[in-house]
Amino acid sequence: MNLILILESLRNAARSIDCLTASWCRMSGTLFLVGGHRLLESIGPDHTIAGFHISEWAAIVNAATVVILALVNICYLKIARDQTKAASIQARESQRQADVAMENLKLAKAQAAQQAAQELTTTIALLRGIILDVALWLPIVKEQGKTAPSTVRLVPDGWPLIMFHASRVSRELREKALAIHGMLANANYHITRFLASREPSLLEPAYTYLVNVETELNELIAELETFERRDQVSIRQES
């Protein structure tokens with residue numbers, strides 16, 4: 001960034017020098033010519049210099065005036081042309097950089113959208129896996145845990161991802177996901193205690209939590225799938 005600022009300062013300084021050079025050329029030429037005319041006017045009409053009459057010197061000065069003004073104008077036009085060319089090159093470069101930045105922004109946005117879509121698919125798959133676990137434990141808990149496995153894990157490690165995508169949909173869906181997490185955690189707690197103690201009374205609250213959470217999980221999946229379809233349509237339209 002500092003290098004860009006330095007180059008920009010040098011470019012602006014070069015333009016200022018060009019403008020000062022052009023102004024100096026025009027001013028110097030004008031002063032020279034005005035001074036020459038005043039010198040000739042101050043000398044008497046019959047005076048001669050280096051064998052030339054004043055009227056002849058006046059003609060020479062006039063001719064020199066035309067030549068010098070022409071040279072000054074040519075110099076000024078060249079400087080102006082160079083400045084215009086430099087400005088045009090800078091404008092094209094600025095536009096090119098802006099186009100590249102915009103293209104990179106579009107690419108980054110598309111990549112972020114694609115990654116979010118993939119994570120949402122993963123989230124729905126996680127929830128479907130939880131429903132399978134709940135469906136597995138419901139009859140076991142109802143039958144007082146006679147065929148229960150040795151361990152239970154109803155809350156997956158990827159739950160923060162579920163919370164993130166529920167938050168993308170709405171605040172209400174985020175609250176639903178929090179409530180589901182609480183029910184799953186409570187069911188998991190009671191079943192874990194039952195597996196350690198084999199106390200049947202511990203399965204009653206676990207069964208209630210599992211029955212309630214199954215409905216909530218299906219509603220959460222349905223809303224996420226609706227959001228996923230809208231998201232996919234939006235991605236296709238932007239691409």
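Two residues are in contact when heavy atoms of theirs lie within 4.5 Å. Among the contacts in the protein with a separation of 6 or more, 73% are between residues 24 or more positions apart. The model is predicted, with local features needing pLDDT of at least 70 and side-chain atom pairs counting only at pLDDT 80 or more, while totals for chains, interfaces and linings use all residues. Residues are numbered from 1 along each chain as its sequence is written, and side-chain values use heavy atoms, with hydrogens and water left out.

**Overall arrangement**

The protein contains five helices and two strands; these are DSSP runs numbered from the N terminus, a helix (H or I) having at least four residues and a strand (E) at least two. Read from the N terminus, the order of elements is α-β-β-α-α-α-α. Of the 239 residues, 23% count as buried. Here buried means under 20% relative accessible area, exposed means over 50%, and partly exposed lies in between, with a 1.4 Å probe and protein chains only. The protein exposes about 15,800 Å², of which carbon and sulfur atoms supply 61%; accessible areas come from the Shrake-Rupley method with a 1.4 Å probe, and for residues only the protein chains shown count as cover.

**Salt bridges**

Side chains of opposite charge can pair when their charged atoms come close. A salt bridge is a side-chain nitrogen of Lys or Arg within 4 Å of a carboxyl oxygen of Asp or Glu.

| Residues | N to O distance |
|---|---|
| Asp82 and Arg81 | 3.8 Å |
| Asp157 and Arg153 | 2.5 Å |
| Lys176 and Glu216 | 3.0 Å |

Lys176 lies in helix α4 and Glu216 in helix α5, so this pair ties together parts that are 40 residues apart in sequence. Asp157 and Arg153 are both exposed. Arg81 is exposed because its relative accessible area is 53%, whereas Asp82 counts as partly exposed at 32%.

Lys176 belongs to helix α4, which covers residues 171-197. Lys176 counts as buried because its relative accessibility is 19%, and Glu216 is partly exposed at 25%. Salt bridges link Lys176, Glu216 and Glu219 in a network. The side chains of Lys176 and Glu219 are also joined by a polar contact of 2.9 Å, a term for a pair of N or O atoms within 3.5 Å; within protein, one must be able to donate a hydrogen and the other to accept it, and residues adjacent in sequence count only if both atoms are side-chain atoms. Apart from neighbours within four places in sequence, Lys176 is in contact with Glu216, Glu219, Leu220 and Glu223.

**A buried charge and a nonpolar patch**

Glu228 is found in helix α5, residues 203-238. Glu228 is buried but has no salt bridge, and the nearest side chain of opposite charge, Arg229, is 6.4 Å away. For such charges, Lys and Arg count as positive and Asp and Glu as negative, while His and the chain ends are not counted. Not counting residues up to four places away in sequence, Glu228 touches Leu120, Thr121 and Ile124.

On the surface, Val67, Leu71 and Ile74 form a nonpolar patch with about 300 Å² of accessible area together. Patches are made of residues with over 30% relative accessible area and no salt bridge, like charges being joined within 9 Å and nonpolar side chains (Val, Leu, Ile, Met, Phe, Trp, Tyr) within 5 Å. Ile74 is part of helix α2, residues 54-142, and counts as exposed because its relative accessibility is 54%.
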